[in-house]
Amino acid sequence: MKRNITFILFLLGIVVIFLVYRRYPLDSNPRTIQQVAKKTFNCPDAQIVQLSQDSAKSTQVLSDRYDTYFTPQALETFLKQRYSDKYHFLAKESNRQIIFEKMTIKKDLNSPITYYFDITLKVKSTTSSTHTLKVTGSVQFINNKIISIHFEDQDLVSLLAP
């Protein structure tokens, strides 16, 4: 008898957890933002730099690298804006390495599809100088897929300029 009551309470607990999860699913969007940022800013990636000789293959590799995070139209825009590879080329050309350090993400309280983020990067040069800087930006989601992303990257681009 005591065993049956324990089993019934256990099942009720599972049902309650399931119902709460369905009502308030875990927000996977911050994890997606962080994964995209790490792939974008840990560079240079030798594979991406090497692919610059073959633009069709490069586009395919970059599409495969990011397609799980974006809607098709947003991925096309992301690739055209060169967010997917420009930091890799700039880092390679300036003999620097960009290292993703940390990220803070805040959800916009007035727009449930919008998030704002700050990324802290370390930029190391071959002459052993190291700079720490921030890249800020925003991203919007629909159905857990990025529909737009923007990086405020002027400081990084200026630092990497040859």
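How many aromatic pairs does the structure hold? In this predicted model, the structure holds nine aromatic pairs. The chain contains seven helices and four strands, and buried residues make up 35% of its 162 residues.

**Overall layout**

- Along the sequence, the elements follow the pattern α-α-α-α-α-α-β-β-β-β-α.
- Among contacts in the chain with a separation of 6 or more, 57% are between residues 24 or more positions apart.
- The chain has an accessible surface of about 10,500 Å², and carbon and sulfur atoms account for 55% of that surface.

**The sheet and the helix across it**

- In general, the strands of a sheet pair through backbone hydrogen bonds, either parallel or antiparallel.
- Here, four strands form an open sheet in the order β1-β2-β3-β4, and their pairing is antiparallel.
- Strands β1 (96-107) and β4 (145-152) stand at the edges; each has a single partner strand, so one side of each is left without a neighbour in the sheet.
- From one strand to the next, the twist averages 25°.
- Eleven bridges join β1 and β2 in the antiparallel sense, and Arg 96 stands opposite Ser 125 in β2.
- Helix α2 (residues 29-41) lies across β1, β2, β3 (130-142) and β4, and it runs at about 165° to β1.

**Aromatic residues**

- One aromatic cluster is formed by Phe 41, Tyr 66, Phe 70, Phe 78, Tyr 83, Tyr 87, Phe 117 and Phe 151.
- Among the nine aromatic pairs is that of Phe 41 and Tyr 87, which is tilted, with 4.6 Å centre to centre and 40° between the planes.
- This pair links distant parts of the chain, since Phe 41 belongs to helix α2 and Tyr 87 to helix α6 (residues 86-93), 46 residues apart.
- Both Phe 41 and Tyr 87 are buried.
- Phe 41 also forms an aromatic pair with Phe 151; this pair is edge-to-face, at 5.1 Å centre to centre and with 85° between the planes.
- The pair of Phe 41 and Phe 151 likewise links distant parts of the chain, joining helix α2 to strand β4 across 110 residues.
- Phe 41 counts as buried because its relative accessibility is 0%, and Phe 151, with a relative accessible area of 2%, is buried as well.

**The nonpolar core**

- In soluble globular proteins, nonpolar side chains tend to be buried together.
- The largest nonpolar core has 36 residues, of which Phe 41, Phe 70, Ile 98, Ile 119, Phe 151 and Leu 156 touch the most other members.
- Strand β2 (residues 114-125) supplies the largest share of this core, with five residues.
- Beyond its neighbours within four places in sequence, Phe 70 is in contact with Val 36, Leu 75, Phe 78, Lys 145, Ile 146 and Ile 149.

**Helix α6**

- The buried residues of α6 are Tyr 87, His 88, Phe 89, Leu 90 and Ala 91.
- These buried residues pack against α2, α3 (46-50), α4 (55-66), β1, β4 and α7 (154-160).
- Asn 95 follows α6 and has a positive phi, near 55°.

Definitions and conventions: Residues numbered from 1 in each chain as written. Predicted model: local features only at pLDDT ≥ 70, side-chain atom pairs only at ≥ 80, totals over all residues. Heavy atoms only, no water. Core = buried A, V, L, I, M, F, W, Y, C linked by side-chain atoms within 4.5 Å. Buried < 20%, exposed > 50% of the residue type's maximum accessible area, 1.4 Å probe, protein only. Helix = DSSP H or I, 4+ residues; strand = E, 2+ residues; numbered from the N terminus. Contact = heavy atoms within 4.5 Å. Pairing = 2+ DSSP bridges. Axes fitted to C-alpha atoms, helices over the stretch in contact; angles between N-to-C directions. Phe/Tyr/Trp six-rings, centres within 6.5 Å; stacked < 30°, edge-to-face > 60°. Areas by Shrake-Rupley, 256 points an atom, 1.4 Å probe, with all protein chains shown as cover.
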